[in-house]
Amino acid sequence: MQLLIGFTLALIIAYLAYRARSLSKGGAVAATFTGTIIFGIGGWEWAILLLTFFITSSVLSRAFKKRKQGLNEKFSKGHERDAGQVFGNGGIATAFAALHYFYPESIIPWLGFAAALAAVNADTWATELGVLNPHPPRIITNLKKAVEKGTSGGISLFGTLASLAGSALIGILASALNPTVDSVSTFFIVTLAGLAGSLFDSFLGATVQAIYFCPKDHKETEKHPLHTCGTPTTLIRGWGWLDNDWVNFACGAFGVLVCLLLKGLL
């Protein structure tokens, strides 16, 4: 019965998000699947964490449009999330929600779920709010080198603080909604894991993520096979298969890894 209720809630939310153009058709189907697992197996506490990520990321993606003008040419996709983005951001969290079904007494599924969402939430906040930084970002592998806003691997003070805030929000909810564990340690573990995942995302963006070049506009971009202007783009660095969806997936996975390491140390 709970799984049916989870499916119904997930379907309604996915439909509303599709109507609001926050999800594509494929994204709505993927969100219904992930939501059914998380809502149906985890329950309302797990749903709150997922909805916090989804709602805040959707709102931020539409905010500060004037500041973001010209950045769409950098990113592979827009604010209307497709199936790849849904699974890239929520796949790890969904797996830990499913794990909770088999190990309902263990705290590991909850911590893994929260850490994965904290990481992708931190990364989203950094991306969407980093544009407000008054100075150009620096590449994470060489902090002396300034790069254009929107460049993969670029970080800034404002973006990093936004990342910390996004991670801390999930950390607060994770500690408040699960009273079976120490709330203080849960907050710090999840928050630090989320921040680490976001920084790892930037590191991948600066090193091995697929980055392309538009010969017409003379711009680096994540878009492929065509740039915003319609010109074919060519790979100039990184692994061709490692697009932004896979980087987001790795971001969540790294957040979980850091979370489990911290849990083992504390």
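Predicted model: local features only at pLDDT ≥ 70, side-chain atom pairs only at ≥ 80, totals over all residues.

Q: Which residues of H9 are buried?

A: The buried residues of H9 are Asp245, Val247, Asn248, Ala250, Cys251, Gly252, Gly255, Val256, Val258 and Cys259.

Q: How many Å should the residues of helix H9 span, and what is the distance between its end C-alpha atoms?

A: Helix H9 (residues 244–265) has 22 residues, which at 1.5 Å a residue should span 32 Å. Its end C-alpha atoms lie 31 Å apart, so the two values agree.

Q: How is the packing of H2 and H3 to be described?

A: One states how closely the axes approach and at what angle they cross. The axes of H2 and H3 come within 6 Å, crossing at roughly 145°. On the side of H2, the contact is made by Gly35, Ile38, Phe39 and Gly42; on the side of H3, by Trp44, Glu45, Trp46, Ala47, Leu50 and Leu51. By kind, the residues of this contact are seven nonpolar, two polar and one charged.

Q: How many aromatic pairs does the structure hold?

A: The structure holds nine aromatic pairs. Trp46 and Phe113 form one that is tilted, with 4.7 Å from centre to centre and 45° between the planes. This pair links distant parts of the chain, since Trp46 belongs to helix H3 (residues 44–62) and Phe113 to helix H6 (residues 108–129), 67 residues apart. Together with Trp110, Trp46 and Phe113 form one aromatic cluster.

Q: Why does Trp46 count as buried, and why does Phe113?

A: The cut-off is a relative accessible area under 20%. Trp46 counts as buried because its relative accessibility is 4%. Phe113 counts as buried because its value is 0%.

Q: What is the order of the strands in the open sheet of three strands?

A: Strands of a sheet pair through backbone hydrogen bonds, either parallel or antiparallel. In this open sheet the order is E2-E1-E3, and the pairing is antiparallel. Strand E2 (142–146) and strand E3 (154–155) stand at the edges; each has a single partner strand, so one side of each has no neighbour in the sheet. Strand E1 (residues 138–139) is joined to E2 by two bridges, and Arg138 has Ala146 in E2 as its bridge partner.

Q: Which strands are joined to E4 by bridges?

A: Three bridges join strand E4 (residues 211–214) to strand E6 (residues 234–237), and the two run antiparallel. Three bridges also join E4 to strand E5 (residues 219–221), again antiparallel. Phe213 stands opposite Thr234 in E6 and opposite Glu220 in E5. E4 and E5 form a hairpin with four residues between them, and His218 in the turn has a positive phi of about 55°.

Terms used: Residues numbered from 1 in each chain as written. Heavy atoms only, no water. Phe/Tyr/Trp six-rings, centres within 6.5 Å; stacked < 30°, edge-to-face > 60°. Buried < 20%, exposed > 50% of the residue type's maximum accessible area, 1.4 Å probe, protein only. Pairing = 2+ DSSP bridges. Axes fitted to C-alpha atoms, helices over the stretch in contact; angles between N-to-C directions. Contact = heavy atoms within 4.5 Å. Nonpolar A, V, L, I, M, F, W, Y, C, P; charged D, E, K, R; others polar. Expected span 1.5 Å × (residues − 1).
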